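This text leads a new reader through one structure, part by part. Please keep the sequence and the model at hand while reading.

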Amino acid sequence: MEIEPTFVEGCFIVKPKIFEDQRGTFFESFNHQLFKEKTGLQIDFIQDNQSISSKGTLRGLHFQTGDFAQAKLVRVILGEVLDVAVDLRPGSKTYGKHFSIVLNDQNNFQLFVPRGFAHGFITLSETAIFAYKCDNYYHKPSEQGVKYNDPDLNIDWNLDPSEMLLSEKDSILPYLKELK
């Protein structure tokens, strides 16, 4: 497993070592000990989530606050997405900056998104199965978000807005400057 830091402090790209032969492929998707050795982080994932989305589905940008903040390790099982993490940690050198990466079933890359980040993705393939590990349980009262098209974030989602499918909840999220 190879782990690379991104320019956004605390965010890491996780690249598995893939073994391939005539039968197919195999890789270790997570190893607690290696992750700790390579990042210096003690993360204990306690919940796994999965979604299936059609092309153009944009989920995000979501986060949880306070004691219910979550770190996530995200990946794509089938298909392709553009994954985005936005640093919302007050006082961070990279506050308000975002990192984006294409995750798919060919590269099998994963993105570690630390606590204090908003996270979202858009499905670029016809269908995508997206999975992620969380280090804290979902807590609806602590859920918040940032509008996906916030001009201060200037995120290029790689799709025309006319192709995007959003939930009602995601379409009315506040802009970054409106967060309390």
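The model is predicted, so local features are given only at pLDDT of at least 70 and side-chain atom pairs count only at pLDDT 80 or more, while totals for chains, interfaces and linings use all residues. Residues are numbered from 1 along each chain as its sequence is written, and side-chain values use heavy atoms, with hydrogens and water left out.

Two strands pair if DSSP finds at least two bridges between them. Five strands make an open, antiparallel sheet, in the order E9-E8-E11-E6-E13. E9 and E13 are at the edges with a single partner strand each, so one side of each has no neighbour in the sheet. From one strand to the next the twist averages 25°, where axes are lines fitted to C-alpha atoms (for helices over the stretch in contact) and angles run from 0 to 180 degrees between N-to-C directions. In general, strands of a sheet pair through backbone hydrogen bonds, either parallel or antiparallel.

Strand E6 covers residues 58–64. Strand E11 (residues 117–123) pairs with E6 in the antiparallel sense over three bridges. Leu58 has Ile122 of E11 as its bridge partner, and His62 has His119 of E11. Strand E13 (residues 143–145) also pairs with E6 over three bridges in the antiparallel sense; there, Gln64 is partnered by Glu143.

How much of E6 is buried? The term buried means under 20% relative accessible area, exposed means over 50%, and partly exposed lies in between (1.4 Å probe, protein chains only). Six of the seven residues of E6 are buried, so the strand is largely enclosed by the rest of the structure.

Some backbone details come next. Most residues other than glycine have a negative phi, and most peptide bonds are trans. The bond between Gly60 and Leu61 is a cis peptide bond, with omega about 5°, and Leu61 has its place in strand E6. Asn108 is not a glycine, yet it has a positive phi of about 55°. Asn108 is found in the loop between strand E9 (98–104) and strand E10 (110–113), and it is buried, with a relative accessible area of 11%. Asn154 also has a positive phi, near 50°. Asn154 lies in the loop between E13 and helix H2 (168–171) and is exposed, with a relative accessible area of 61%.

A disulfide is a covalent bond between the sulfur atoms of two cysteines, and it is counted here when two cysteine sulfur atoms lie within 2.5 Å. By this rule there are zero disulfides. The cysteine sulfur nearest to that of Cys11 belongs to Cys134 and is 14 Å away, too far for a bond. Cys11 is buried, with a relative accessible area of 1%, and Cys134 is buried at 0%.

The aromatic rings form another group. Rings of Phe, Tyr and Trp (its six-membered ring) pair if their centres lie within 6.5 Å; planes under 30 degrees apart count as stacked, over 60 as edge-to-face and the rest as tilted. Across the whole structure there are seven aromatic pairs. One of them joins Phe30 and Phe45 edge-to-face, at 5.2 Å centre to centre and 75° between the planes. This pair links distant parts of the chain, 15 residues apart: Phe30 is in the loop between strand E4 (24–26) and helix H1 (32–39), and Phe45 is in the loop between H1 and strand E5 (47–54). Both residues are buried. Phe121 and Phe130 have ring centres 3.9 Å apart and planes at 15°, so this pair is stacked; both Phe121 and Phe130 are buried. Phe12, Phe30, Phe35, Phe45 and Phe112 form one aromatic cluster.

The last stop is the largest pocket, which holds about 440 Å³ of space. On a 1 Å grid over the protein atoms alone, a pocket is an open set of points where a 1.4 Å probe fits, with protein on both sides within 12 Å along at least five of seven lines; lining residues have an atom within 4 Å of a point. Of the 23 lining residues, Arg59, His62, Lys72, Tyr132 and Glu143 are the closest to the pocket's centre. E6 gives the most to the lining, with five residues.

Methods:
Helix = DSSP H or I, 4+ residues; strand = E, 2+ residues; numbered from the N terminus. Points joined across faces, edges and corners; volume = space filled by probe spheres on them.
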